[in-house]
Every structure is written in structure tokens, then in C-alpha cells.
Amino acid sequence: MTRVLAVSTVLPPHRYSQAEITDELARWLPPGTDPGLLRRVHSSAKVDARHLALPLDHYGRLGGFGRANDAYLEVASELGVRAVELALAEAGLPPEEVDLVLSTSVTGLATPSLDARVAAAVGLRPDVKRLPLFGLGCAGGAAGVARVHDYLVGRPRDVALLLSTELCSLTLQPSDTSMANLVAGALFGDGAGALLAAGREHPLHREDRRAGSGPIVVAGRSRLYPGTERLLGWDIGEWGFRLVLGSDLPDVIRLHVGEEIASFLAAHDLKPPDVAAWVCHPGGPKVLDVLGDVLELPDDAFALSRRSLARVGNLSSASVLHVLRDTLDAGPPEPGSPGLMLAFGPGFSSELVLLRW
């Protein structure tokens with residue numbers, strides 16, 4: 001099994017209250033547009049503040065996709081370097097000991113990929129294996145943990161690094177008054193995270209690691225739900241990334257995902273009430289409400305996810321790493337307790353990762 005050695009989280013320095021962001025986006029609306037709907041969507045998002053890649057007043061001057069992507073390359077590389085350096089320092093590992101770096105991002109395009117840009121800056125070996133992922137959306141963080149685990153099962157003496165970097169603010173469409181774009185402007189923030197893990201034969205994979213250390217990754221499950229391709233994702237054109245978001249997303253989660261979670265847990269002789277730590281992607285208040293209802297969980301089961309949503313917004317794939325970091329900081333569960341990391345992405349898809357402390 002895979003041992004999580006360290007989890008780091010970083011945020012860009014430009015922090016704004018939800019009210020400040022709402023006022024700025026209202027100024028972007030086309031002439032004659034009533035800002036009332038925008039303000040109602042923002043007030044219902046349960047977000048208090050967010051960190052942005054750029055100063056708030058810069059967004060109106062970005063122009064087309066090219067300039068937005070240039071900003072993505074610069075800021076994402078900076079955040080990625082910080083996240084990786086923090087994770088290495090926490091684990092007490094020199095960078096040359098990393099054997100695989102897996103990077104996930106869905107809010108910009110980079111070739112060479114972000115992992116290649118970060119590798120030299122932090123001192124990873126020139127022969128480090130790289131696996132950049134694009135298109136998994138908010139599920140990318142949980143999927144990344146699962147794929148790191150899959151790799152380390154086959155290479156149990158190795159160390160693997162997961163880097164998630166998302167700059168959601170750079171994808172907003174100023175003149176788009178669709179409900180999907182209004183929701184995106186209300187929920188999404190910017191941030192990054194990194195996770196270091198070791199295979200079962202690595203010296204740092206030992207059961208007596210210091211208090212507060214990361215969990216064991218037991219297993220993962222990926223699931224695509226047929227016929228839901230237009231439920232969540234991007235439309236990509238000369239304008240850049242335009243959010244696709246179906247209004248029936250909570251209904252699909254209610255119909256299918258609760259059963260998927262119960263089935264996955266049952267395969268490991270567990271039920272939802274047995275889970276001591278829910279490391280859930282904070283996709284939005286409705287998503288968390290539906291999950292809690294269908295799984296019959298107590299109100300505080302997703303408390304850390306709700307807190308993360310309020311403090312920094314939805315960080316796409318990086319959110320689950322932020323919630324995992326908050327779980328560790330709050331005091332991890334008792335040794336032997338199970339945890340479940342879960343996130344949803346385009347496809348429509350779900351990613352589940354069983355953890356054990």
C-alpha cells in the first residue's frame with residue numbers, strides 16, 4: 001500500500017471578499033443587463049473569499065485567450081514550484097529522490113507541461129518520469145492520488161509526486177451571461193497543492209511515522225456515467241474555456257453516485273457511517289447537500305469541505321488536496337480509521353480513493 005508522506009497547499013497572494021468579486025463582475029456585464037441574477041447566484045454560493053491569480057482589476061484588461069494563457073503559464077509555474085518545495089520540506093526528502101511526477105490541471109494549456117517547467121526549478125532528476133493529465137477537471141486531484149497509488153503498487157521502492165495547479169479565474173468569460181458562467185464566477189478560485197507518497201518498500205513507509213502524518217492509500221475506483229458527456233466540461237474555442245454545467249448535476253449525483261460510494265465501501269467491508277474522514281471535493285453547496293442526504297451522513301461530515309469552499313472557493317482538482325491538508329491539521333482520525341476521498345469531473349465521472357490512517 002501507498003503511504004502519503006506530505007501534503008502542501010498554496011494560494012496566490014491576491015485575496016478578495018466575495019462581495020468585491022461580485023461588484024467587479026457586475027461591471028463586466030453587457031450594457032442593459034440586470035445584475036440581480038449575478039448577485040443572487042453569488043450570495044447563494046456559500047463562498048466568503050477567494051484568492052486570484054491576478055489583481056482583480058487586471059481581469060477586465062486581459063483580452064483574448066492568448067493573454068489569459070500567458071498569465072496561466074507564469075502564475076501556475078510559480079505556484080507549482082512553491083507547492084512542490086513545501087511538500088519536499090515537509091517530508092524531509094531531497095528532490096532527486098522523486099521518481100515520478102504526475103501533474104494535473106484543466107484551467108490552462110502548457111507545452112512543455114507544468115511538471116517539466118517545475119522539475120528543473122525544484123531540482124528533480126533529469127530522468128524523472130513525468131505524467132501530465134488534462135481533462136479530468138475537478139476529479140483530477142482524487143484521480144491523481146489513485147494513479148500515484150497504482151504506480152507505486154508496481155514500483156514499491158519509489159517516491160511519487162502529485163502536483164495540482166488550477167487558475168480557474170483565468171477561464172471566466174466577461175460577456176457571457178449564461179447561468180453556467182455566472183455559477184463559475186461565483187464558485188471558483190485559484191490555488192495549487194502537492195502530495196508526496198512512497199511505496200510499501202520505501203524506508204519512509206513505516207507504520208510508526210510521527211503523529212499527524214498522512215494516511216495509507218488502500219484502493220481507488222474510477223467511474224464514467226454513460227450519456228452524461230454534456231453535463232460537465234469545457235467548450236473550447238477562440239474565446240478560451242467556456243464552462244459546460246448541466247442544471248441536473250445534483251440529480252445525477254443523487255441517482256448514481258451515492259450507490260457507487262456504497263458499493264465501493266462494501267467491497268472493503270465498510271459502510272458510509274464507518275468513514276471517519278470525508279475528504280470531499282467542495283463542488284458547491286448543492287452537491288454537498290445532496291451527498292450528505294443520499295448517504296444519510298451527519299451534518300458535520302463535510303464540515304471541512306464546506307469550510308474550504310467558504311474560505312477559498314472551489315479550486316477544481318486542487319480542492320481535495322486542500323481538504324486533505326485541513327484534515328491533517330485538524331487532527332487526523334484514530335489509527336486504523338478509514339477515510340474516503342471523492343471528487344467529480346467531466347464525463348460525467350467520479351473518482352473514489354479509500355484511505356486508512
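How do the residues of the lining of the largest cavity divide into nonpolar, polar and charged?

Author: The model is a predicted one, and in it the lining of the largest cavity divides into seven nonpolar residues, four polar ones and one charged one. The structure holds one cavity of 30 Å³ or more, and about 100 Å³ of space lies in the largest cavity. Its lining is made up of Leu25, Trp28, Leu29, Leu38, His42, Leu172, Gln173, Pro174, Asp176, Asn181, Leu182 and Gly185. At least two residues of this lining come from each of helix 1, helix 2 (36–43) and helix 6 (179–187), and helix 6 gives the most, with three residues.

The largest nonpolar core has 50 residues, of which Leu170 and Leu196 touch the most other members; two or more of its residues are given by each of strand 1 (2–10), helix 1 (18–28), helix 3 (65–91), helix 4 (114–122), strand 6 (159–167) and strand 7 (190–198). Helix 3 gives the most to this core, with 13 residues. Once neighbours within four places in sequence are left aside, the contacts of Leu196 include Arg3, Val4, Leu5 and Ala6, together with Ala87, Leu88 and Ala91, and also Val159, Ala160 and Leu161.

Terms used: Residues are numbered from 1 along each chain as its sequence is written. This is a predicted model: local features need pLDDT of at least 70, side-chain atom pairs count only at pLDDT 80 or more; totals for chains, interfaces and linings use all residues. Side-chain values use heavy atoms; hydrogens and water are left out. A nonpolar core is a set of buried Ala, Val, Leu, Ile, Met, Phe, Trp, Tyr and Cys residues joined through side-chain atoms within 4.5 Å. Buried means under 20% relative accessible area, exposed over 50%, partly exposed in between (1.4 Å probe, protein chains only). Helices (H or I, at least four residues) and strands (E, at least two) are DSSP runs, numbered from the N terminus. Contact means heavy atoms within 4.5 Å. On a 1 Å grid over the protein atoms alone, a cavity is a set of points where a 1.4 Å probe fits but cannot get out, and a pocket is an open set with protein on both sides within 12 Å along at least five of seven lines; lining residues have an atom within 4 Å of a point. Grid points are joined across faces, edges and corners, and a volume is the space filled by probe spheres set on the points. Ala, Val, Leu, Ile, Met, Phe, Trp, Tyr, Cys and Pro count as nonpolar, Asp, Glu, Lys and Arg as charged, and the others, Gly among them, as polar.
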